[in-house]
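Here are my notes on the two-chain model you sent.

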Amino acid sequence: MLAKRIIPCLDVMNGRTVKGINFEQLRDAGDPVELGKLYSDAGADELVFLDITATKEKRKTLAALADRVAHHLNIPFTIGGGIASLEDVDALLDHGADKVSINSSAVRDPELIDRLSKKFGSQCIVVAIDAREMDGEWRVHVAGGTIPTDRELFSWAREAQERGAGEILFTSMDHDGTKNGFALKALKLMSGSLSIPIIASGGAGSINDFVDVFTIAEADAGLAASIFHFQEISIPELKSELKQKGIPIR
Amino acid sequence: MKVAVIDYNAGNTRSVYYALQRLGVDAIFTEKIPEIELADKVIFPGVGEASSTMQYLKDSGLSKVIPSLTQPVLGICLGMQLMCKWSEENDTDCLGIFDLNVQKFLPEQGEKVPHMGWNKCYDVKGELFRGSIEGNYTYFVHSYYVPVCQFTSARCDYIHPFSAAMQRDNFFATQFHPEKSGLVGAEILQNFLKI
């Protein structure tokens, strides 16, 4: 049985790992590659590196980071942040990234998803979506969650799938940084309407939150940052408790 | 020992090179036919799309060279699928080392496609799996699969049982990514280097 994945997310700014609380306050948590290795050894199934400065500063390439990670780690990883072209993706995959995630650039130019999945295969194209509930509707935001768009979460996720996304990384901005649990209702809805895997992000605060995201929301992977960075939950303990609940875990 | 990693137009070939480096092997990362033919071991890696990759292999002459190799060859993921006869992915004629057709996973009973993540290998046999791989997790990411057949040397179950690994003579292949499968994957690569 395919295992549910535990994915620490390393937000990177100026080459250092940080985690924003609701994307605003930033705290420093070390060297991304060293931290990634620590997580890999602790049993993380996959890693996501997001360059959170990228969208604002238009930074194009994270190839050097991809290269260092691929050199030192033997689990898969995704790199995202400011990726907007075929050339960006080519450079990252060529430097050892397994997948890339695109966010604002896909909203601005949805056909980018078609072009990337056709050229590199769906399996390495993750469409990341940041959304927040506004007047009863989940609205997609871009530019690191700072700019609301007209797009609605579920229709955008479906469109991304139809255009060739291999995976959706959905971050609930309402839940991100709160540690009150994932956006279970929205995730469950999304899981029921898509045929590609969903990575749940935003709100993890306890082991039970992961149990809920896999059993109630039927997410394929659970992503978190600060609770891992500040050792509030240890990955071995998390995985062993999930296993005890009968959830398939590596 | 000379290990050649075929450097062709597909993503993620560098990960294999680094995985070998972690095992103490300084592989050659090459698309030059003489270097590939003279290597003791050849690895044919890759993530990508079948038809454009096959076109590249044809244009570079590698499509003739790879099936004629006599040293141990390991195809990984797309590499394994291209070693088959035909792929449903954009109706692509492949290398024909394994006389099999590659089929597309159809999403079923809430199971997602691509098959992405860690899954278990069963009924493992052959030189690639001398350790204790049976029932262990390896990392998969693919939307197409090779059915279980006479060449299957490890089975995985997802939607249907499929070939997680295959072997025919000197040709070895894994659908999963040993270079991304933690310690289990490192052991499998080590086993290949010892063949």
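1. Which residue takes a positive phi in the hairpin of β8(A) and β9(A)? Ala143(A) does, with phi near 55 degrees, and the hairpin has four residues between its strands. Strands β8 (residues 137-142) and β9 (residues 147-152) of chain A pair antiparallel over three bridges. Arg139(A) has Glu152(A) in β9(A) as its bridge partner. Strands, like helices, are DSSP runs numbered from the N terminus: E, at least two residues, for strands; H or I, at least four, for helices. Two strands pair if DSSP finds at least two bridges between them.

2. Ground rules. This is a predicted model; local features need pLDDT of at least 70 and side-chain atom pairs count only at pLDDT 80 or more, while totals for chains, interfaces and linings use all residues. Residues are numbered from 1 along each chain as its sequence is written, with chains lettered from A and ligands numbered from 1 in the order in which they are written.

3. Chain A overall. Chain A has eleven helices and twelve strands. Its radius of gyration is 16 Å, close to the 18 Å that the globule rule gives for 250 residues, so chain A is as compact as a globular protein of that length. The radius is taken over C-alpha atoms, and the rule is 2.2 Å times the number of residues to the power 0.38. The C-alpha trace spans about 45 × 45 × 40 Å along the principal axes. Of the 250 residues, 57% count as buried. Buried means 20 or more other C-beta atoms within 10 Å of the residue's own, with C-beta atoms placed from the backbone. Among contacts between residues at least 6 apart in sequence, 66% join residues at least 24 apart. A contact needs C-beta atoms, placed from the backbone, within 7 Å.

4. Strand β1 (residues 5-13) of chain A. Eight of its nine residues are buried, so the strand is largely enclosed by the rest of the structure. β1(A) runs parallel to β12 (residues 221-224) of chain A, joined by four bridges. Ile7(A) stands opposite Leu223(A) there. β1(A) also pairs in the parallel sense with β4 (residues 47-51) of chain A, over four bridges. Here Leu10(A) has Phe49(A) as its bridge partner.

5. Helix α4 (residues 86-94) of chain A. Which of its residues are buried? They are Asp88(A), Val89(A), Ala91(A), Leu92(A) and Leu93(A). Their cover includes α3 (63-72), β5 (77-80), β6 (99-102) and α6 (111-120) of chain A. Just after the helix, Gly96(A) takes a positive phi of about 105 degrees.

6. Helices α7 and α8 of chain A. The axes of α7 (residues 153-163) and α8 (residues 184-193) come within 10 Å and cross at roughly 35 degrees. Axes are lines fitted to C-alpha atoms, for helices over the stretch in contact, with angles from 0 to 180 degrees between N-to-C directions. Leu153(A), Phe154(A), Ala157(A) and Arg158(A) in α7(A) meet Ala186(A), Leu189(A), Met190(A) and Ser193(A) in α8(A). By class, this contact has six nonpolar, one polar and one charged residues. Ala, Val, Leu, Ile, Met, Phe, Trp, Tyr, Cys and Pro count as nonpolar, Asp, Glu, Lys and Arg as charged, and the others, Gly among them, as polar.

7. Chain B overall. Chain B has six helices and 13 strands. Its radius of gyration is 15 Å, close to the 16 Å that the globule rule gives for 195 residues, so chain B is as compact as a globular protein of that length. Buried residues make up 56% of the 195.

8. The open sheet of chain B. Four strands lie in the order β6-β5-β7-β10, with mixed pairing. The edge strands are β6 (92-93) and β10 (144-145), each pairing on one side only. Two bridges join β5 (residues 84-87) to β6(B), antiparallel. Ser87(B) has Thr92(B) as its bridge partner.

9. Gln175(B). Is this residue buried or exposed? Gln175(B) is buried, with 29 other C-beta atoms within 10 Å. It is found in the loop between β13 (171-174) and α6 of chain B. Beyond its neighbours within four places in sequence, the contacts of Gln175(B) include Cys77(B), Phe140(B) and Tyr145(B).

10. The interface. 30 residues of chain B are in contact with 26 residues of chain A. On the chain B side, α1 (13-22), β8 (115-120), β9 (137-142) and α6 (182-194) each supply at least two residues. That side divides into 13 nonpolar, eleven polar and six charged residues.

Key. Buried ≥ 20, exposed ≤ 12 C-beta atoms within 10 Å, placed from the backbone. Contact = placed C-beta atoms within 7 Å.
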